[in-house]
Amino acid sequence: MRTTNFLLSTLKETPADAEIISHQLMLRAGMIRKVAAGIYTWLPAGLRVMRKVENIVRQEMDKAGAQEVLMPSVQPAELWQQSGRWEMYGGELLRMKDRHGRDFAYGPTHEVVITSLMANEIRSYKQLPANFYQIQTKFRDERRPRFGVMRAREFIMKDAYSFHLDQASLQETYDVMYQTYTDIFNRLGLGFRAVDADNGSIGGNASHEFHVLADSGEDAIAVCDKYQYAANVELAEALQLGGARPAASQEMDRVDTPGQHTIAAICEFLSAPIESTIKTLLVKGEEQGSVVALVLRGDHELNELKAEKHPLVASPLTWASDEEVQSAAGCAPGSIGTVGLHLSVTADRSAVNLANFICGANQDDVHLTGVNWGRDCPEPIEFDLRVVVDGDFCARSTDQQDDSRLSIGRGIEVGHIFQLGTKYSEAMNATCLDNNGKAALMPMGCYGIGVSRIVAAAIEQNNDARGIIWPDAIAPFQIVITPIGYKKSDKVKSVCDQLYQQLISLGIEALLDDRNERPGIMFADADLMGIPHRVVIGEKSLDKGQIEYKNRRAEAAEDIAQDAILDFLKSALLKAKIAE
RNA sequence: CGGGGUGUAGCGCAGCCUGGUAGCGCAUCUGGUUUGGGACUAGAGGGUCGUAGGUUCGAAUCCUAUCACCCCGACCA
C-alpha cells in the first residue's frame, strides 16, 4: 500500500472526549471514528488490525475442530420469549418492530438462535460433540458506553457454542477451548491471564475469563505466579493471616476514646498497630428484621459478594441503618464491638485468630483493649469475608511457608468460556437420541472473545509517548518504507519502489510513504500507527550503500548494507513470528 | 436511572458574565523557500454558534423547552 492511496487520517491533537490511551490513540491514528455513543466506524487502518485478530481467532477455532457459521444479527422475539429472556434481559436488549409490528431484537448474544437451530439439526449422539462459532456484530445497549471500542454498544465478537451428549464430553471440549484461547492470546502477542471465574455453585472448571493485563482494566484480578492461580479479586479466596491464635495474655480493659470513631483514629489514639484491632459491621440478616454482625481485622476490607453468600446475611447486602445499629448495639457506628453484643457474630478467618484485640465497647466514645474470643465474648462463626490484598497467600498453596503470594493487578476481559449445562437446551427443547434410542438433553458450552475489544486492549498494553506499538501479529502493516526525497531523487525513488515491490511479492504487508512530506511528519505518523518495522531510504545512506532499519520498540536505528536489506527484513519478520 | 458538565469551522479552544451580527491554533487548498523527527512565508476557502420557542430595535451571548455528547455513581457481562 502506498500512503497516497491510503486514508491516513492521523490527528496531532487528542480529541477531547477520549479518556483512556487506547481510545485516544485509535482516534489519533485514524483507526476509528465515532458515529454515535458507543457506535463506531472502522477506518482502513483500524479494520486491517481487526481482520488480523479475526483471522487468528478463526484459524485457531478451526484448528480446534469448531465449525464457522453466520447467524443473523436481528432475531425474532419468539426465540427470546421461548427461553424466557425477552422479559429477563432488560434494557441492554435493543428491541424493535418490523413493518408488520412484529417484535425483534438486535442480538446481544446468540444462544437462543444456535440452540433452536441445533434442536432441529442434531438428531443423533453420533453427531456429537459439535462446536459452532461465528464472528459477528453484537449490540448491547449499555447504559453508559465508554472508552471507545473498549466498552462500546456495537462490537465484534467471536462466539461459539458446543453441544454434547454428556458432561464428560462438555468438559473435554471446554478444556480444548481453554487451550485454544491460550494459543490465541499467545499468537496475538498479548500478556494475559486465564482467570478463575468459578462462583462455586456449579463447581469444577465451569467458567474462566481471559484478561489482558493492563492498568486501565476495569476488573481487579489476583494473580499467583507460583500456582498459576488467577481470580477476580471479588472471588479470590482469602486465607487466614497470622497463623494460630495466641493464648490470651492481657486483661480486658475499658478506655475512653472521645471522638475516635475510625480504625485509623483509634490506632493513632491508642498507639496500637492496626492488625490488633477489629471492626464490627452490622448488616441486615436473611431473617426478616434481623441484624447480624460481621467482624474483620482493622486493616481488612469487607468483600460484599462473599458476605452475601453467608446463609445468615441478606442478599443483596444491606447495611443496618443508624437506628438499627443504635438499638442492636446501643451505640453509633464507630463504637461497635463484640463484647456483650447479642447478635450472631461471624468473623473473617484472619479476625478469628486474633488475641488481645481492640474493639468498640458498644458505648459511644469507649473502646475495649485486650479482648479475647471465648473469654470475653462468644467464639464467632468463621467465614471468608474479606477482600484479598497484595501479598496474601495464594489459596492454592498448601504450605504457608512457601513463597506463593498473590499480587493484585488489573485486567481487561477479552474472553470468557463457560459451561452452560442444559439451561438453553431445556428451554428450546434441544435433544438428540442417545445410544439407547432415547431423547437426551444436550449440555452446552459457550465461548466468547471480544474481537474489537482486543484491538483496544492490545494498545493499552503496547504504547509509548509516540503512539501505538503493535505486536507483529496484528499490526496493520508489517513494514513502513520511509523515503527521504522520494520526489527529488530518482535513486531514492527507484530503490524504494524496488524494495516495496519485492516485499509485496513476498506477501509482506508494506506501506510505502510516497507523500511529499517532510521526514518528521512521516516518522511521526509511522510511530503513531505503530508499524513494527521501519526502513528509511535516503541519498545520504545510499551513497554509502546502506539502508537504515529501525524497530518500533528499539531506541536507535541501525545501518544495513543495501544488498542485504531484503534478507535482513525477512529474518526480522521471521524472528518476530517465532517470538509469538 | 441519579448527580455534574459540554455543545461555536474537520480537530482543540476563546468569545457568553456586561446583547451590537464571530475569532485563535492545528488541519485543508494555492504560490514561493524548504526537506533526517510534526518547517517558514504570502494568500485562500470553510461556521444554520446543537435544535425550537421566547425577551429585545438587535441574541453565540439573556430566559424556557428539547436533543446530543462527556464525566462520576448505580447497573450489567
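Why is helix 12 (residues 451-461) largely enclosed by the rest of the structure?

## A helix inside the protein

Ten of the eleven residues of helix 12 are buried, so the rest of the structure largely encloses this helix. Buried here means under 20% relative accessible area, with a 1.4 Å probe and protein chains only. Among the buried residues of helix 12 are Val451, Ile454 and Ile459, along with Arg453 and Glu460. Helices (H or I, at least four residues) and strands (E, at least two) are DSSP runs numbered from the N terminus.

## How to read the model

This is a predicted model, in which local features need pLDDT of at least 70, side-chain atom pairs count only at pLDDT 80 or more, and totals for chains, interfaces and linings use all residues. Residues are numbered from 1 along each chain as its sequence is written, chains are lettered from A and ligands numbered from 1 in the order in which they are written, and side-chain values use heavy atoms, leaving out hydrogens and water.

## Around RNA strand B

Now to the RNA. RNA strand B is surrounded by 34 residues, each with a heavy atom within 4 Å of the strand. By class, 21 are charged (Asp, Glu, Lys, Arg), nine are nonpolar and four are polar. Helix 14 (519-529) and strand 28 (533-538) each supply at least two residues of this surface, and helix 14 gives the most, with seven.

## Polar contacts with the RNA

The side chain of arginine 534 has an N or O atom 2.7 Å from a base oxygen, and a polar side-chain atom of arginine 518 is 2.8 Å from a base oxygen. Glutamate 92 instead places a side-chain N or O atom 2.8 Å from a sugar or linking oxygen.

Note on methods. Polar contact = N/O pair within 3.5 Å; in protein donor to acceptor, adjacent residues only side chain to side chain. Buried < 20%, exposed > 50% of the residue type's maximum accessible area, 1.4 Å probe, protein only.
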